[in-house]
Amino acid sequence: MQNYVATCTGHSEPTPRLRGRPREFDRVAALAAATRLFWIKGYEATSIADLTETMGIGTKSLYAAFGSKDALYAEALKYYYTTYEGLVWTRFRKASTAREAALVFLQDSAVAMTGGDCDLPHGCMATLASVGSEGHSELGDLMRATRAGGFDLLKARFDRAISDGDLMATTDTTKLARFIQTVQSGMAIRARDGADRAELVAVADIALAGWDGITGSIDDRMHGGA
């Protein structure tokens, strides 16, 4: 198996700790701890008591610092994306072809979703995130927008491939991006259910095996689709 570059962010995650007076705490460390807890348990199953214990702060301090459970989750989701997005998007951005970009995106997702190199929770927090609709409309919108951001990156890359002559002009980049995103979403569910890295890498390889059939073969591109 080839070596993948999806590793952790290069720094150890801060550990929540109280400093000086009880009201003072490391906000970034507390947010990192909350993010990991939400990642593992999800929004609904995570209680305020769970959060205060994990973050090492009191209930009043939590509300004073973050406002509400919804606001904390929203901030945690943003922290998750900005901290870990490089695990699956770094090689994608450097790929020279659309096919390579799609393949490394799925391969590196397989690595990240099974713990990376630093024991991350399995699955994808953004993909698996869900809340009940009652009273959480803004949070639901944020979750959908976060997931839509991944689709937008995929589609933009495939659109550029058409401009570069790497994909046929007739390629439906919307359907192609949605296909790759859907494969990744399924991988996230399998990772949460205990699938190992080898299984998910195999899924990535199989998904890309039909690339030419979806986008047109090399010969088709050379002859203008004739």
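A pocket here is an open set of grid points where a 1.4 Å probe fits, with protein on both sides within 12 Å along at least five of seven lines. I'm working on a predicted model.

I looked up the largest pocket and got a volume of about 390 Å³. Its lining has 25 residues, and Tyr80, Val88, Cys124, Thr127 and Gln184 lie nearest the centre. I then checked which elements give two or more residues to that lining: H4 (69-84), H5 (86-94), H6 (98-113), H7 (125-128), H8 (137-163) and H9 (173-192). H8 gives the largest share, five residues. By type, I noted 15 nonpolar, eight polar and two charged residues in the lining.

**Helix H6**

Next I went to H6, one of the elements lining the pocket. Does its length agree with what 1.5 Å a residue should give, or disagree? The 16 residues should span 22 Å, and the end C-alpha atoms are 22 Å apart, so the two agree. H6 is mostly covered, with 14 of its 16 residues buried. Just after the helix, I found Gly115 with a positive phi of about 105°.

**Core**

Nonpolar side chains tend to be buried together in soluble globular proteins.

Which residues does it contact, leaving aside neighbours within four places in sequence? I listed Phe38, Tyr43, Met125, Ala129, Leu139 and Met143.

Technical notes. Residues numbered from 1 in each chain as written. Predicted model: local features only at pLDDT ≥ 70, side-chain atom pairs only at ≥ 80, totals over all residues. Heavy atoms only, no water. 1 Å grid on protein atoms, 1.4 Å probe; cavity = no way out; pocket = protein on both sides within 12 Å on 5 of 7 lines; lining within 4 Å. Points joined across faces, edges and corners; volume = space filled by probe spheres on them. Helix = DSSP H or I, 4+ residues; strand = E, 2+ residues; numbered from the N terminus. Nonpolar A, V, L, I, M, F, W, Y, C, P; charged D, E, K, R; others polar. Expected span 1.5 Å × (residues − 1). Buried < 20%, exposed > 50% of the residue type's maximum accessible area, 1.4 Å probe, protein only. Contact = heavy atoms within 4.5 Å.
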